[in-house]
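Open the model in your viewer and keep the selection tool at hand. We will go stop by stop.

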Amino acid sequence: MVSSLHRPTKAIVNLEAISRNIQTVVRHIPNQAKVWAVVKANAYGHGAVAVAQHVERAVDGFCVSNVDEAIELRRAGILKSILVLGVVLPDEVYLAQEYGLTLTVSSLKWVTLAKRLGTQLKGLTCHIKIDSGMGRIGVRDQLEAEAVMSELKEQGAFVEGIFTHFATADEADDQFFKEQLSFFQDLVSRLQDCPPIIHASNSATSIWHAETIFNAVRLGLVLYGLNPSGGALDLPYALEPALRLESALVQVKKVPAGTAVGYGETYHTPKSEWIGTLPIGYADGWTRDMQDFKVLVEGEFCQIIGRVSMDQVTIRLPKKYPLGTRVILLGDSGEQSISATDVANKRGTINYEVLCLLSDRVPREY
Ligand SMILES: *Cc1c(COP(=O)(O)O)cnc(C)c1O
């Protein structure tokens, strides 16, 4: 999809805020820990290339979810290590070799399949994924982990790391977290020949369980300045949200009482009202459940009224505003602000999803 540049809707990304968030988190974790910036899904909507280029010197490497995301970074000149967190099927392994990517190996079946297909694993750098309780990808027991490692080594691959992922690090109840942690600790401690890099910490683990960091962290959401728990746990220190979403009034009109607004005529003005229209809609990731939510116009909250269309949103204005007046959908204005977490709460989802859903149609400005 092309970005729509000739429209006042844009996401403004503060790269310096991302750098400061990294510094803040790094100050609170053990010194020797390697820091990887998780820039999957276009850096959670912030623009993977711009973010990676900006922070490359401040981190030890990057994590992405698939080979294409990694190739995008390599083509943009990113030289540091890139770990692909998802499973790459053996027939795509040649790309990892070509672009110097680190792959996640998550089962003995994968290694067997690679062998059967004659996949060249020689020289490949990989990390073994342990499923300590997430139930998604990864090896679930000691013997399989040992077998994967020895098979990989036999094929000439370099097993650089071993890692796991927590399902509940962002929750107040740490029972399950502790179970996963001891499973992983136990497995790692019994390995014949442990890989040099051991990692388990996403954002939530890095900030709320800093004492459990092995020797690397995978920082995602905290880079972008948001609370991984939504509001369930307080951030131990302040972070700066890095993305601001803006649009502008492209139509302002006064309508009489009883006027229908939007598809399905779900809203009728109870009295004469000023209605403003913004060029953003669900095709931009401003989903239909934003109806009745709010935006900010010159420091004042204004309600979204009527259905959210594919390309437009209508809001109730307290008074007449000139065309082109800026409207804030995410970010602050005057004394007020709207966060991705506020939006997530309205939608019944998480702030991660709010950011990731911002589509390519919205230009990112830095
Ligand atoms: C996405 C992801 C992360 C980063 O998660 P955040 O909560 O954004 O820090 C870390 N590890 C794995 C395996 C992931 O998939």
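The tour below covers a barrel, a ligand site and a sheet.

**Before you start**

Keep in mind that this is a predicted model.

**Stop 1: the barrel**

How many strands does the closed barrel have? There are eight, and they run in the order 2-3-4-5-6-7-8-9. Their pairing is parallel. Neighbouring strands here are turned by 30 degrees against each other on average, direction ignored.

Zoom in on one pair. Select residues 102-105, which form strand 5, and residues 125-130, which form strand 6. Four bridges link the two strands in the parallel sense. Pick Leu103 next. Which residue stands opposite Leu103 in strand 6? Cys126 does.

**Stop 2: the ligand**

Select the ligand. The space it takes is the largest pocket. Then show the residues around the ligand: Val38, Lys40, Tyr44, Leu85, His165, Asn202, Ser203, Arg218, Gly220, Leu221 and Tyr352.

Three of these side chains deserve a click.

- Lys40: a polar atom of its side chain lies 2.7 Å from a ligand oxygen atom.
- His165: here a polar side-chain atom lies 3.4 Å from a nitrogen atom of the ligand.
- Ser203: an N or O atom in this side chain is 2.5 Å from an oxygen atom of the ligand.

How much of the ligand does the protein bury? Taken alone, the ligand exposes 390 Å², and the protein buries 92% of that.

**Stop 3**

Finish with strand 14, residues 273-278. Five bridges join strand 14 to strand 17, and the two run antiparallel. Click Thr277: its bridge partner in strand 17 is Thr314.

Key: Residues are numbered from 1 along each chain as its sequence is written. This is a predicted model: local features need pLDDT of at least 70, side-chain atom pairs count only at pLDDT 80 or more; totals for chains, interfaces and linings use all residues. Side-chain values use heavy atoms; hydrogens and water are left out. Two strands pair if DSSP finds at least two bridges between them. A residue is near a molecule or strand if one of its heavy atoms lies within 4 Å of it. A polar contact is a pair of N or O atoms within 3.5 Å; within protein, one must be able to donate a hydrogen and the other to accept it, and residues adjacent in sequence count only if both atoms are side-chain atoms. Accessible areas come from the Shrake-Rupley method with a 1.4 Å probe; for residues, only the protein chains shown count as cover. On a 1 Å grid over the protein atoms alone, a cavity is a set of points where a 1.4 Å probe fits but cannot get out, and a pocket is an open set with protein on both sides within 12 Å along at least five of seven lines; lining residues have an atom within 4 Å of a point. A molecule sits in a cavity or pocket if more than half of its atoms lie within 2 Å of its grid points. Axes are lines fitted to C-alpha atoms, for helices over the stretch in contact, and angles run from 0 to 180 degrees between N-to-C directions.
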